[in-house]
Structure formats: structure tokens, C-alpha cells
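The notes below are meant for someone opening this structure for the first time. Please read them with the sequence and the model side by side.

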Amino acid sequence: MAPEPPLLSMSGITKSFPGVRALDGVDLDVQAGEVHCLLGQNGAGKSTLIKVLAGVHQPDTGTIRWRGEDVTLRSPIAAMRLGIATIYQELDLVEHLSVAENVHIGHEPTTAGFVVRGRAARASTAQLLKRLGHPEVDPGRLVGDLSAAQQQIVSMARALSHDVRLIVMDEPSAALDPDEVDNLFRIVADLTADGVAVVYISHRLEEIRRIGDRVTVLKDGRAVAGGLPAESTPTRDVVALMTGRNVEYVFPDRPLSPPAAEPVLSVRGLAREGEFAPLDLDVRPGEIVGLAGLVGSGRSEILETVYGARRPSAGQVLVDGRALRPGSVRAAVRAGLGLAPEERKAQALLMLESVTRNVSVSAMSRFSRAGWIDRGAEAGAARAATRELSLRPDNPAVPVRTLSGGNQQKAVLARWLLRGCRVLLLDEPTRGVDVGARAELYAVIRRLADEGLAVLLVSSEVPEVLGLADRVLVLREGRVVHEAPARELDEHRVLDLVMEGSPAS
């Protein structure tokens, strides 16, 4: 008896854009009921490949076979009609419409050829949400009022509202906390048990082992490995395939001894009721201090309060011994603080503007005279700042939205370098950044510290905190439960502390 053909088979797929060959003969086979993980650095071709699969782009050459038959995916609607749904990292939901309206947008329930609105759409949506294990989500609620995890569930419900046989998930865990990731994996397991295939894209290699069956690795528009077993392929091998080199460890060497200078940033008794308890910490020039803890431990809230974006209920933030006005971003920036926030696209970057404008925006007074902006001086300063961080491409005139995640983060850092900041606050600095680009960012952050910058770092990835920081404060439920040099900690010790630690005396 002949074996079942793959549910999906993409062979020799090529796609070029002006000046760029994004896909160069890519092959991808996906079996029904499997989780097939797609890995690769930013720019490797993952996004282009899934857009070909979604019908957004037409391949220049190559064939696509669906359930054993050649098909042409001329549009996203054509792909959806075949049973192929794509959930992008940037969810394409309409915030001012209800959950039910988003789920059924473009294919509202009908009876006798007439669109049925209201009750029928809500009832159908409620059944889908129940299937996904989230009956508590109200089909009549506006999508804009939902959490990131709930919005992702709505996107899955919309996919399942069609007769879907394959779902592409692009970085689905990027904005989720550990409990929400566990629920996502439960949903994926239920879908594959029903025979639905999942193409799963993630930068988190530990997730691939938990959820994946097979792995295909892309590099420079080519599939350099296909069908690798997700559970048994060593991480070192996967990284080598993605980057073209072995990465024993991407963290740069830290100084042998801690800085001896006086703290540039001091926090004394800083607290926000209901978010974090009174906190003391110091950061010296040349030092990286890490905050480790689970989602909800108060890490990001501490950073935002230090920066003045949240007003403390108690305590002070001091720079060079001088107290800043509480709850004032302007005072923080004037004192030399800069923040690279967790959601850089929504909170830091002007996505439609050039790299130059994104870098110069915090220092416009340097380039303006009597209401006129010296564009040449602005462009020259931005180019100097981006070259210092090896931002690519070396053309600050391009829109920042065209950059990879790692280079977008470099643009944020370049902004604060141009401003002349002395204290850099980093919240999830490598979220959405691939392995190779992470190594570059780590080197940049370490070099900035070595040049005298004080860095306060938050990351949900414990190895990142331990590998990059000089000193670590471990948080649990808004309290510091341990403080130690990073060299004296390991991942198991930190996890024990955040799960079971007791507040430090």
C-alpha cells in the first residue's frame, strides 16, 4: 500500500523582489496532523515563504501540491478556501469590531442566501471559542478590549471558522506569559489530534522541542535542512544551520571585577502599590544589572517607574545623587535615562518614518534653529549613531519598518546614543530577534557598558539575564528575593527562587 502523500508539498519555490532573491529553490513538505517548525534568522525567507503559502505572493517558479494535486494560490481567499489559514505575528484583527464580527469577517453566516447577523454569528463564535478552551471570551466584546492572548485565540477561532486543514502560526508565543504558552500548546495538540497540520515559526528553540515534530531550517532564502526531528536534533546543530557557524555561546565576556565608580542610578524605597514592594538598587557606570522573574513579578513595572512612565506610590529615583521628579519622563530623559521598551514597534518606533527620523527624534533640538530643521546635520548624526552599532542596511533613509527585528532594536539604541544617555533601561531587548542577531545585540550592549553606560536589563529568558548581566536581582510577586553576582547563579537556582523563594529580609 502506497504511503499517504504529504498534505502540503512545496518544491523549488523561488521569489525575487527588486535587488533581492528572497527564496531560492525552497522545498517544504508538511504531513497532516504534524507540527512542522520553520526556523531561520531574520531575512532567511520565512516570511516570504509563508506569504507564498498564504496566497499573498505568487512564486516566480516552483510547484505547490495540496493533498496530492497541483494548485495555484492566487490570493489569500484562494488559500483559505483550500483550508490554509495564516495567523501572523502582527494580528490582523479589527479592534473596533466585536469578536464574532472578526471571526466571521468576509464569510458571515447565511441562511437561504441571506447574511445572518447578530445571534447566529455569536452562537457560532461561542462554539469555536469553546473548542479552543476559552468559553469565557464574550463573542460580543470588542476585540480592542481583549488581552494579547485573547486576541490570538480570536485569530485561531477565525481560522477554524473555515474548514481549515493547515494553520501557519508566526511567532505565536511572542506576547504570551508561560501559562498562556502552555494553553497555546494544548490547543495545538488538540488541533493536530484532529488531523490539522501546523506550521510553527518561533525564535525560541526550547519551544521547538516541546511542540514540534519536524524542523525545516532556512538560510539566505534556501532550505539548508528539511524534516529534522525536533526533539532529538541538538540545539548547537540547529544554530549552526541557521547562522552558518557554530555558536558555543553568544554572550560576550564580562569584566573580571565589578566597576568601582559611584552609582549613576540609585533607587531608594521605590514602590507602586499592587505592583511591586519597596525596592533599593544601584547601577554603576560600566555595569549591567539584570532583573529576573516571571511575568507579573513587577519587572517591567519597575523599569517604567524608574523611567517616569509610571508614578511611584513611594520612594525615589536618583541620578548622580539627585532625585528625579516622580512620574516625569521628561525629567528622566533630561537626567540621562533612555528606555528601550518591550513593544518597540508600538511604544518606541515611528514605523512609517525613516531610520534617520527615528534616531534623531529624541535630540531634535540639536538640529533645529528658529523652527527650521537642518536635515543634513540630522542625517549625518543619525548615520554616525547607526554605524557605531553596525545597523544594516547602512542607509538611514530607508523606512524603519523595512528593518529586521534586531536592526529595529539597534535603531532604538542609536536614538539614545545620539541623545547622550548615561543610563539605558532595556525591557526584553531581544524579543522577536533571531539567534544570530541576538549575538550582535549582546555584543553591542556589553560594549556600551564597557564604554561607561549603566544598564538595567529586564528579560523573561533567564539564560539571557545570567549571560549578559554582571549582577542579578531575582523578583517574585513584586519583591526582591535574592541578589547576587551573575557568576554565582545558574538557571535552576533562579527558577527555584522565582517559583518558591521567600522575600529577602
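1. Terms of exposure. A residue is called buried under 20% relative accessible area, exposed over 50%, and partly exposed in between, with a 1.4 Å probe and protein chains only. By that scale E477 is exposed, at a relative accessible area of 63%. E477 sits in the loop that links β23 (471–476) to β24 (479–485). Its phi is near 50°, a positive value in a residue other than glycine.

2. Basis of the values. The model is predicted, so local features need pLDDT of at least 70 and side-chain atom pairs pLDDT 80 or more, while totals for chains, interfaces and linings use all residues. Residues are numbered from 1 along each chain as its sequence is written, and side-chain values use heavy atoms, with hydrogens and water left out.

3. Overall build. The chain holds 17 helices and 24 strands; these are DSSP runs numbered from the N terminus, helices being H or I of at least four residues and strands E of at least two. For 505 residues, a compact globule would have a radius of gyration near 23 Å, and the 24 Å of the chain agrees with this. The radius is taken over C-alpha atoms, and the globule rule is 2.2 Å times the number of residues to the power 0.38. Along the principal axes, the C-alpha atoms fill a box of roughly 75 × 55 × 50 Å.

4. Packing and surface. Of the 505 residues in the chain, 51% are buried. Contact here means heavy atoms within 4.5 Å. Among contacts between residues at least 6 apart in sequence, 66% join residues at least 24 apart. The chain exposes about 23,200 Å², and carbon and sulfur atoms supply 49% of that area. Accessible areas come from the Shrake-Rupley method with a 1.4 Å probe; for residues, only the protein chains shown count as cover.

5. Charge. There are 59 positive and 65 negative side chains, and the centres of the two sets lie 6 Å apart. Lys and Arg count as positive and Asp and Glu as negative, with His and the chain ends not counted. Each charge is placed at NZ of Lys, CZ of Arg, CG of Asp or CD of Glu.

6. Helix α1. How many of the 8 residues of α1 (residues 46–53) are buried? The number is 6, and the helix is mostly covered. The buried residues are K46, T48, L49, I50, V52 and L53. G55 follows α1 and has a positive phi, near 85°.

7. E34. Is E34 buried or exposed? E34 is buried, with a relative accessible area of 7%, and its place is the loop between β2 (20–30) and β3 (35–39). Its side chain reaches the backbone nitrogen of Q31 at 2.8 Å. The side chains of E34 and R214 are joined by a polar contact of 2.8 Å. Such a contact is a pair of N or O atoms within 3.5 Å; within protein, one must be able to donate a hydrogen and the other to accept it, and residues adjacent in sequence count only if both atoms are side-chain atoms. Leaving aside neighbours within four places in sequence, the contacts of E34 include D29, T192, V196 and D213.

8. E101. This residue lies in helix α3 (residues 99–103). E101 is partly exposed, at a relative accessible area of 43%, and its side chain reaches the backbone nitrogen of S98 at 2.8 Å.

9. Backbone points to check. The peptide bond joining R392 and P393 is cis, with omega about 0°. P393 is in the loop between α13 (375–388) and α14 (405–419). D320, not a glycine, has a positive phi of about 55°. D320 lies in the loop between β16 (314–319) and β17 (322–323) and counts as partly exposed at 45% relative accessibility.

10. Two further sites. E69 is in strand β5 (residues 69–71) and counts as exposed at 57% relative accessibility. E69 and P5 are 64 residues apart in sequence and 9.8 Å apart in space, C-alpha to C-alpha. A309 lies in the loop between α9 (299–307) and β16. Leaving aside neighbours within four places in sequence, A309 is in contact with E304 and V329.
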